[in-house]
Amino acid sequence: MWAWFHKWSSPRWFYQLSGTLLPWLAVISLAALIVGVAWGLMFVPPDYKQGNSFRIIYIHVPAAAVAMAGYLLMATAGAISLIWRIKLADMVLKCAAPIGAALTFLALVTGAIWGKPTWGTWWVWDARITSVLVLFFLYIGIIALYEAFDNKEAAGRASAILALVGAVNIPIIYWSVEWWYSLHQPASISFTGESSIHPQMLRPLLLTITGFYCFFGWVLLLKVRNEILHRERSTRWVRDLILSR
Amino acid sequence: MSDPRIIWNVLLRRELLVSLRRRSEIANPLFFFLIVCALFPLGLGPSPALLAGMAPGILWIVALLAVLMASDGLFRSDYDDGTLEQVLLSPVPLYVTSLVKVLAHWLLSGLPLTLLSPLLAMMLQMPPQGIPALLASLALGTLVLSFIAAIGAALTVGLKRGGVLLSLLVLPLFVPALIFGSAAVQRAVLGMDSSAPLALLGAMAIMFVLVAPLAIAGALRVSHDQ
Amino acid sequence: MYFETVAELLAMDGHGPYVWAAYGITFATLVWLVAQPLVAKRRQLRELRGFLRRTEGA
Amino acid sequence: MPPLLDIQGLSYARDHRDLARDLSFQLEAGDILRVEGPNGSGKTTLLRILAGLYTNYEGELRYRGESLRGRGRLAMRSESHFLGHQSALKLSLTPLENLNWLAALNGQSVGLDAVENALAKVGLKGYEDVPCRQLSAGQQRRVTLARLFLVSAGLWLLDEPFTALDRQAVAELEGWIGEFAASGGAVVLTTHHALGQLQGLRSLTLGGS
């Protein structure tokens, strides 16, 4: 088993593997996004309660979901890099952070825009939006910590520890915010209540969620491949690759 | 390896001695707590009704910031004079030494803040029936906050400008403690039962006291391994 | 297609600006997310060639 | 009986600069190994690797036959002293309090007399309760060195131990190192100071490769 695990973690092997995966990820994510968005924007009837503004759900929910999954991926990569000292896992952690932060930012912006026509204010202290805001702060903490170190390897290990501590705390944070929200605001208006939307309208959502997940994978692979070339620049296989280009 | 209890006492005594020798380091968070609480009436107006309603939230947020301020240089002086290096080299597990360090730090920062809080509660016109819950929630809460902040302090110990960065790292992790802590006091002020949030805070305190030293030990090793 | 005319699609009974603003920002962000590593790769290849020529030549 | 320290194929780098490649040496009881080399040649890093502080290296390092990455590290920690550049003292505490704490860190509780003997050995008799802040730099360095005599150890790792010592203290330290090696201890040290002819002295040159 160890040989397989070791092979899997060698940057060169991963570079080749990701080379074959990239086009598929790109095609699937673009296709799923385009079809899902077109379907959600143009073909689905408006929600009887919220009107057309509910169409923002097709990008808001996937962005929040993938941002959360991205953080958990970061924590897992961090654990792997801490325990087995695999460089690849450290690269995944470093590259996933900015993408996750961008998606969390998207979830917040689309949530705020969605709030305006629906509840008249740009910012609604709804349970889910507040949790996504805290998730955004967690991402900012990871990136700030990584940038603060000069020695990049120490930066990776410190960020891995923070990501693990963050991941352990995410359920507690999400649950405490839910508890806090129910304390002050009986759940009359809330994003979490969107399940009241007609199931037939949720079908495009599955497409856009798939699209966002593949998109995350696509951009992550692009960034990790750049990182591999940078860190392995003094190796023979990178030299041959560069000169053969 | 001689008797662990003696080792524990010597380690704890050293931490308390070092802090007690620098009085100002203990007094500063308390003065910070006092001054910032006094700012709110100046900013919001002195009307008792307004202040009473916001007192639990204000007290908890300012206590939280005071703990954050007190935790900034937690490991830095040991890092600068080389004693932290000896701790890393010690056969005594780093989990234990970190646990002792943060407990001693809490005894001289979190606990005094808690004991001072009734005075400030009165200053902010908070109804007295909320004070027992305030003491309980701050006692448990500052323990949770101290251990979370200690993780941040350990992560930034090797960095020159840790202060602002520390708050970026740990403030999001303070959210649950703040929610349960201030809710417990608000309920007590309204005469409602506040045992649920206090129980949750107690559970978090146990969890962080047991788990945080692992992260602190890992973070201290990282900062030395470069 | 739910909407009869393109104008109706844009207006979306008054919610159009919000919906299109949200989709516009999302589209811009996603494009930036993809473009950034692609641009970085081209710049990196140029740097690496220089790095290799220097180390190769030494 | 496996050697006290067995280093095979050690290579390490810092900031992408190779400091040592495939370094191998052994250390037995009674040896004094002096690590030489120009500044920045990785002398301090080598000591930090041996002490288990710096783990970014390749190679097989064994302490009494156990790998330093595994059980060997814990065994070594309780049987060795590492003196870094810094004083490892809290200036607000007295030598007695500092040494008590350092002994506890080594897992041992020591009585007052043990501390007094150690301080007497380094010529600081009677200074037990003077806060270290009021001691001179040389005296503070002596308190740091007192730790070597407070808790018995089989291995000393000394990084530039002669810095900030007056000439008389330098001679004394040289004597202590000789005494320790003669009594079966092993020492690895870095210094620019020209050591006299100590029995069992060997040197290892780094850098410049």
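# A predicted model of four chains, by questions

Author: In chain D, 5 strands, in the order S6-S7-S8-S3-S9, form an open sheet whose pairing is parallel. The model is predicted, with local features needing pLDDT of at least 70 and side-chain atom pairs pLDDT 80 or more, while totals for chains, interfaces and linings use all residues. Residues are numbered from 1 along each chain as its sequence is written, chains are lettered from A and ligands numbered from 1 in the order in which they are written, and side-chain values use heavy atoms, without hydrogens or water.

Reader: What makes strand S6 and strand S9 of chain D the edge strands?

Author: Strand S6 (80-83) and strand S9 (201-205) of chain D each pair on one side only, where pairing requires that DSSP finds at least two bridges between two strands. Strands and helices here are DSSP runs, numbered from the N terminus (strands E, at least two residues; helices H or I, at least four). From one strand to the next, the twist averages 15°.

Reader: How do you know that chain B and chain C do not touch?

Author: Contact means heavy atoms within 4.5 Å, and chain B and chain C do not touch by that rule, their nearest C-alpha atoms being 24 Å apart. Chain C and chain D do not touch either, with their nearest C-alpha atoms 14 Å apart.

Reader: Which of the pairs of chains in contact share the most contacts?

Author: Chains A and C share the most contacts of the 4 pairs, with 31 residues of chain C in contact with 43 residues of chain A. Chain C and chain A bury about 3400 Å² between them, 75% of it on carbon and sulfur atoms; buried area is the accessible area (1.4 Å probe) that two parts lose on being put together, summed over both.

Reader: How many residues does each side bring to the contact of chain A and chain B, and what area is buried?

Author: Chain A gives 29 residues and chain B 28 residues, and the two chains bury about 2400 Å², 81% of it on carbon and sulfur atoms. On the side of chain A, the residues that lose the most area to chain B are A:Phe149, A:Ile161 and A:Trp179, together 21% of what that side buries.

Reader: Why is the meeting of A:Arg85 and B:Asp225 called a salt bridge?

Author: The rule wants a side-chain nitrogen of Lys or Arg within 4 Å of a carboxyl oxygen of Asp or Glu, and the side chains of A:Arg85 and B:Asp225 meet at 3.7 Å, N to O, so the name applies. Across the interface of chain A and chain B the rule finds 2 salt bridges, whereas across that of chain C and chain A it finds 0.

Note on methods. Axes fitted to C-alpha atoms, helices over the stretch in contact; angles between N-to-C directions.
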